[in-house]
Amino acid sequence: MEPTNLHEVLRTLYDEMLPLSEDMAAVAKGLAGLGALFYVAIKVWQALSRAEPIDLFPLLRPFALGICIMFFPTVVLGTINGVLSPVVQGTHSILEDQVLDLNELQQKKDLLEHEAVIRNPETAYLASDEEFDKKLEELGWSPSDLVTMSGLYMDRQAYQMEQWVKNAFREFLEVLFMAAALVIDTIRTFFLIVLSILGPIAFAISVWDGFQSTLKQWLTRYVSVYLWLPVADLFSAMLAKIQSLIIERDIEMLADPSFIPDTSNTVYIIFMIIGIVGYFTIPTVTGWIIQAGGAGNFTRNINQTAMKAGNVAGAGVGSTAGNIGGQLLK
């Protein structure tokens with residue numbers, strides 16, 4: 001099975017397990033109803049004890065959360081996924097375009113490298129069977145020719161072994177690269193399933209007074225985890241674009257008949273290693289995009305500073321007014 005099919009399996013898994021959130025909605029309804037009862041009772045009791053009019057707008061919050069819990073798969077998850085799905089599709093299309101260009105350039109480069117090796121008389125017999133047969137036909141059956149013939153066989157065998165090792169290591173890194181992408185997608189799918197199934201419970205807990213931040217934290221984590229895949233696609237597209245630029249430069253150099261190519265694929269291997277390591281930084285990068293409480297804490301600090309400044313200024317004005325009033329009395 002190809003890696004693209006495995007990604008499709010993970011998406012299908014998420015869609016099939018999404019209705020399980022309805023089972024948790026039944027439990028969340030009771031928890032939210034009890035929390036709404038206490039929430040409304042406390043707010044009304046506080047207003048009556050202070051002889052203040054009852055503000056009905058804050059009391060509508062538990063009922064709004066109750067509606068979200070009752071229709072959680074469609075109202076909550078459907079809305080969030082509907083908003084974020086175009087982002088996933090857009091980044092995936094960017095990745096597909098870059099990978100398609102990279103594959104075409106890689107095939108062209110491999111063909112030019114093979115032609116360059118054959119064009120070189122010293123290395124042509126290593127990559128071409130025809131050149132190798134011609135070289136053997138030029139030799140006779142003298143002892144020196146037999147030694148040369150055995151040396152040609154050994155050189156050809158060493159060249160083929162070297163190419164096999166390089167290709168095997170390259171394929172190994174490609175497997176690790178695809179495995180890293182699948183690890184990120186699998187963890188992402190697991191987190192989304194857990195957040196989706198237990199989402200009604202988080203909404204129900206946020207009804208209780210003192211746990212309002214649970215709703216904000218759940219929403220932030222869900223959006224952040226959902227964006228792992230777009231960020232991973234952008235990272236892969238960036239690596240594919242860098243490799244395309246390097247291959248384009250190599251193709252321009254291979255156009256020179258006197259150029260001897262380097263078939264070690266060192267740059268390609270380096271970028272594969274960078275990609276493997278970079279995939280595991282995606283959760284951190286996504287956390288930079290979506291953060292909860294940052295602006296709130298900033299605003300809260302500003303308000304506290306402003307209140308302290310106001311108290312200091314008020315104390316200063318009060319002391320100055322007292323001094324002036326004392327002098328007037330004198």
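Biologist: In what order do the elements of the protein chain run from the N terminus on?

Modeller: From the N terminus on, the order is α-α-α-α-α-α-α-α-α-α-α-α-α-α. Helices (H or I, at least four residues) and strands (E, at least two) are DSSP runs, numbered from the N terminus. Please note that this is a predicted model, in which local features need pLDDT of at least 70 and side-chain atom pairs count only at pLDDT 80 or more, whereas totals for chains, interfaces and linings use all residues. Residues are numbered from 1 along each chain as its sequence is written, and side-chain values use heavy atoms, with hydrogens and water left out.

Biologist: How many helices and strands does the secondary structure come to?

Modeller: The protein chain has 14 helices and 0 strands.

Biologist: And what percentage of the residues is buried?

Modeller: Of the 330 residues in the protein chain, 32% are buried. Buried means under 20% relative accessible area, exposed means over 50%, and partly exposed lies in between (1.4 Å probe, protein chains only).

Biologist: Which residues of the largest nonpolar core touch the most other members?

Modeller: They are Ile 69, Val 76, Ile 80, Phe 203, Trp 218, Tyr 222 and Tyr 279, in a core of 47 residues. The elements that give two or more residues to this core are helix H2 (21–49), helix H4 (61–70), H5, helix H8 (143–197), helix H9 (199–207), helix H10 (213–226), H11 and helix H12 (266–279). A nonpolar core is a set of buried Ala, Val, Leu, Ile, Met, Phe, Trp, Tyr and Cys residues joined through side-chain atoms within 4.5 Å. In soluble globular proteins, nonpolar side chains tend to be buried together.

Biologist: Which helix gives the largest share of this core?

Modeller: That is H8, with 9 residues.

Biologist: Let us change topic. How many salt bridges are there?

Modeller: The count comes to 2 salt bridges. A salt bridge is a side-chain nitrogen of Lys or Arg within 4 Å of a carboxyl oxygen of Asp or Glu. One joins the side chains of Arg 11 and Glu 8, at 3.2 Å from N to O. Another joins the side chains of Arg 188 and Asp 185, at 3.7 Å from N to O.

Biologist: Where do Arg 11 and Glu 8 lie?

Modeller: Both lie in helix H1 (residues 3–17), 3 residues apart, about one turn of the helix. Arg 11 has a relative accessible area of 30%, so this residue is partly exposed. Glu 8 counts as partly exposed because its relative accessibility is 45%.

Biologist: And Arg 188 and Asp 185, where are they?

Modeller: Both belong to helix H8, 3 residues apart, which is about one turn of the helix. Arg 188 is buried, because its relative accessible area is 8%. Asp 185 is at 4% relative accessibility and therefore counts as buried.

Biologist: Now the surface. Which residues form the negative patch?

Modeller: Glu 96, Asp 97, Asp 101, Glu 104, Glu 248 and Glu 252 form a negative surface patch. The elements that give two or more residues to this patch are helix H5 (72–119) and helix H11 (228–254). H5 provides the largest share, 4 residues. Patches are made of residues with over 30% relative accessible area and no salt bridge; like charges are joined within 9 Å and nonpolar side chains (Val, Leu, Ile, Met, Phe, Trp, Tyr) within 5 Å. Lys and Arg count as positive and Asp and Glu as negative, while His and the chain ends are not counted. The place of a charge is taken as NZ of Lys, CZ of Arg, CG of Asp or CD of Glu.

Biologist: Is Glu 96 partly exposed or buried, and why?

Modeller: Glu 96, in helix H5, counts as partly exposed because its relative accessibility is 46%.

Biologist: Which residues form the nonpolar patch on the surface?

Modeller: Val 183, Ile 187, Phe 190, Phe 191, Val 194, Leu 198 and Phe 280 form this patch, with about 580 Å² of accessible area together. Accessible areas come from the Shrake-Rupley method with a 1.4 Å probe; for residues, only the protein chains shown count as cover. Val 183 lies in helix H8 and counts as partly exposed, because its relative accessibility is 35%.

Biologist: One last topic: where is Gly 210 found?

Modeller: Gly 210 is in the loop between H9 and H10. At 57% relative accessibility, Gly 210 counts as exposed. The C-alpha atoms of Gly 210 and Tyr 39 are separated by 9.8 Å, although these residues are 171 residues apart along the chain.
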